[in-house]
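Biologist: I'd like to learn how to read a model like this one, feature by feature. Can you walk me through it?

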Amino acid sequence: MMLTLYTAPGSCSRASHIALEESGLEFEVRLVDLVRGDQRRPEYLAMNPKGRVPALVTDQGVLTESPALLAYIAALAPPGLLAPVDPFALARMQAFNLYLAATVQVAHAHGRRASRWSDDVAAQASMAAKVTQNMRDCFTLIEADLEGDWVMGDVYSVADPYLFTFSAWLESDGVDIAEFPRVQAHYQRMTQRPAVARALKVEGLPHA
């Protein structure tokens with residue numbers, strides 16, 4: 001089965017790219033230039049009407065939304081390689097990923113895409129002004145939960161490239177990652193993984 005991932009450098013889709021690099025599965029990557037508006041082109045919208053990344057083309061159809069892609073990639077990989085086998089641990093990993101998607105990414109997006117929530121310029125500015133504090137609050141919770149080298153403790157999973165992707169956004173959101181020593185150590189460990197280096201090279205970046 002050939003998988004095709006549509007991803008944009010620096011976006012949340014980076015996590016799925018890294019997960020594929022870790023998985024041993026055959027896949028190809030197609031970069032989407034969000035600034036140029038590739039995601040709004042008719043050919044892209046025909047494949048993914050949401051007009052966002054990531055999108056993963058499979059022989060059964062197209063999958064969207066990072067948590068879904070990460071779970072799918074982990075399910076295709078050898079058991080235990082990218083997700084816990086134990087049901088409770090698996091649910092904990094999913095809870096972490098969904099927190100990133102539903103809360104942290106939304107907090108981050110209020111700085112760049114406040115127009116999604118309001119047409120009022122003053123309201124958009126007010127939302128943007130809260131981004132630093134909201135991201136700091138989110139990562140305070142994440143920092144408290146991190147134990148061991150990885151999100152799930154001593155076992156690597158698809159939650160790790162997802163956290164890595166979001167940690168890279170902190171600086172642009174006005175938060176010093178050094179405020180969170182465990183998160184910072186996790187980020188540094190991730191940069192040493194060959195799969196991460198391969199994904200970043202495809203994005204055209206020497207490092208995150």
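**Reading the model, feature by feature**

Modeller: Let's start with one residue and its surroundings. Setting aside neighbours within four places in sequence, Ala55 is in contact with Thr4, Leu5, Tyr6, Tyr44, Met47, Asn48, Val62, Leu63, Thr64 and Leu69. Keep in mind as we go that this is a predicted model.

Biologist: Where does Ala55 lie, and is it buried or exposed?

Modeller: Ala55 lies in strand S3. The cut-off for buried is under 20% relative accessible area. Ala55 has a relative accessible area of 0%, so it is buried. For a sense of distance, Ala55 and Val32 are 23 residues apart in sequence and 10 Å apart in space, C-alpha to C-alpha.

Biologist: Leu69 was on that contact list. What does Leu69 touch on its own account?

Modeller: Not counting residues up to four places away in sequence, Leu69 touches Leu5, Ser16, Pro54, Ala55, Leu56, Leu63 and Thr64. Leu69 sits in helix H3 and counts as buried, at 0% relative accessibility. Leu69 and Leu5 are 64 residues apart in sequence, yet their C-alpha atoms are 9.7 Å apart in space.

Biologist: Let's zoom out. How many helices and strands are there, and in what order do they come?

Modeller: The protein chain has 9 helices and 4 strands. Along the sequence they follow the pattern β-α-β-α-β-β-α-α-α-α-α-α-α. The radius of gyration is 17 Å, close to the 17 Å that the globule rule gives for 208 residues, so the chain is as compact as a globular protein of that length. The C-alpha trace spans about 50 × 45 × 35 Å along its principal axes.

Biologist: And what share of the residues counts as buried?

Modeller: Of the 208 residues, 46% count as buried. The contacts are worth a look too: among those between residues at least 6 apart in sequence, 65% join residues at least 24 apart.

Biologist: How should I read the nonpolar cores?

Modeller: The general idea is that in soluble globular proteins, nonpolar side chains tend to be buried together. Here the largest nonpolar core has 49 residues, and those with the most contacts inside it are Val104, Met135, Phe139, Ile142 and Phe166. Strand S1 (3-7) and helices H1 (14-23), H3 (66-76), H4 (87-112), H6 (131-145), H7 (159-167), H8 (181-191) and H9 (194-203) each supply at least two residues of this core. H4 gives the most, with 6 residues. Apart from this core lies another, of 7 residues, among them Tyr6, Val32, Met47 and Val53.

Biologist: Take Met135 from the largest core. Which residues is Met135 in contact with, leaving aside its neighbours within four places in sequence?

Modeller: Met135 is in contact with Val104, Ala107, His108, Leu170, Asp173 and Val175.

Biologist: What about backbone geometry? What should I look for there?

Modeller: Most residues other than glycine have a negative phi, and most peptide bonds are trans. In this model, the peptide bond from Val53 to Pro54 is cis, with omega near 0 degrees. Pro54 is in the loop between helix H2 (42-47) and strand S3 (55-58). Then there is Glu65, a residue other than glycine whose phi is positive, near 80 degrees. Glu65 lies in the loop between strand S4 (61-64) and H3, and it counts as partly exposed, at 44% relative accessibility.

Conventions. Residues are numbered from 1 along each chain as its sequence is written. This is a predicted model: local features need pLDDT of at least 70, side-chain atom pairs count only at pLDDT 80 or more; totals for chains, interfaces and linings use all residues. Side-chain values use heavy atoms; hydrogens and water are left out. A nonpolar core is a set of buried Ala, Val, Leu, Ile, Met, Phe, Trp, Tyr and Cys residues joined through side-chain atoms within 4.5 Å. Buried means under 20% relative accessible area, exposed over 50%, partly exposed in between (1.4 Å probe, protein chains only). Contact means heavy atoms within 4.5 Å. The radius of gyration is taken over C-alpha atoms; the globule rule is 2.2 Å times the number of residues to the power 0.38.
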